[in-house]
Amino acid sequence: MAKVFTAFPTAIFNENARIPMLSGDNYTEWKEKVLLTLGCSDLDHALRVDEPLIPTESSMPAAEANYERWERSNRLSLMLIKAHISQSIMGSIPNSDKAKAYMKAIDEQFVSSDKALASTLMKRLSSMTFDRSRTVREHITEMRDIAAKLKSLEVYMSEPFLVHFILKSLPAEYDPFKISYNTHKDKMVN
C-alpha cells in the first residue's frame, strides 16, 4: 500500500511553527509550537500512542510497519524537542529515549515553574506604580501585557479587576479621572 502525503501550505507552516528555544519563561508557547510542528509534519505519532511491541520474526508486516512508524516518530520527535531546549534547562530534565516520557518530564518541570512565574507576575502587577519614566499609555500597556502573560498561565483576570489595578497604580493627579471612571462604571451597572 502506497503512503499518501498531503501537502501543508509551507508559508502557513513556516509562519506558525517557528519554535523558540525553551528558556524557562516561554514554556506554553514553546510546547504549542513543538506540537504544531510535529503534528503538521506527521511526526507526533510517538506522542499520541504508546510504544508498540517490538516486532519479532513471526510478526505480521502490519505490526512491523506500525513499529517502524512509531520508532521514526519517536526518534525525530526527540531530536526536534531537544534541539529547541536551551542547554541551561536541558540538564534539569531527566533524559529519556521515549518522546512521550520526555515531554511528560518537561511538563512536570514547568508546572511548578509556571506557578512560581504566575505568583511573581501577580505580585508585580499588584505593586506597580506609574513612575513617569515613560508615558501613561506605555505603563498601561505593560500592565495589560502582564495580564496577558497571566492568562497564558491560566490565571484569568476579569477586565474590571485589571482596570482596578491600573487605576490604583496611577498617582493622585489622576484622581479626577479615577472618579470619572468609577462614576461612569456605576451608571452602567445601574
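**Figure 1. A look into the second largest pocket, with a volume of about 280 Å³.** This is a predicted model, in which local features need pLDDT of at least 70 and side-chain atom pairs count only at pLDDT 80 or more, while totals for chains, interfaces and linings use all residues. Numbering runs from 1 along each chain as its sequence is written, and side-chain values use heavy atoms, with hydrogens and water left out. Thirteen residues line this pocket, and the closest to its centre are Asp25, Asn26, Leu117, Lys149 and Ser152. H2, H6 and helix H7 (136-152) each give two or more residues to the lining, with H2 giving the most, 4 residues. Split by class, the lining has 4 nonpolar, 4 polar and 5 charged residues. (A pocket is an open set of points on a 1 Å grid over the protein atoms alone, where a 1.4 Å probe fits, with protein on both sides within 12 Å along at least five of seven lines; lining residues have an atom within 4 Å of a point. Volume is the space filled by probe spheres set on the points, joined across faces, edges and corners. Ala, Val, Leu, Ile, Met, Phe, Trp, Tyr, Cys and Pro count as nonpolar, Asp, Glu, Lys and Arg as charged, the others, Gly among them, as polar. Helices are DSSP runs of H or I, at least four residues, numbered from the N terminus.)

**Figure 2. Inside the largest nonpolar core, 21 residues in total.** Leu22, Trp30, Ile81, Ile85, Tyr102 and Ile106 have the most contacts inside this core. Helices H2 (27-40), H4 (61-83), H5 (87-90) and H6 (99-127) each supply two or more residues, and H6 gives the most, with 6. Leaving aside residues up to four places away in sequence, Ile106 touches Leu22, Tyr27, Trp30, Ile81, Ile85 and Ile93. (A nonpolar core joins buried Ala, Val, Leu, Ile, Met, Phe, Trp, Tyr and Cys residues through side-chain atoms within 4.5 Å; buried means under 20% relative accessible area, exposed over 50%, partly exposed in between, with a 1.4 Å probe and protein chains only; contact means heavy atoms within 4.5 Å.)

**Figure 3. Asp44, in the loop between H2 and helix H3 (45-48).** Asp44 counts as buried because its relative accessibility is 16%. Not counting residues up to four places away in sequence, Asp44 touches Leu38, Gly39 and Ser73. Ser73 is also among the buried residues of H4, as are Tyr67 and Trp70.

**Figure 4. Ser92, in the loop between H5 and H6.** With a relative accessible area of 36%, Ser92 is partly exposed. Ser92 and Ala105 sit 13 residues apart in sequence and 9.7 Å apart in space, C-alpha to C-alpha.
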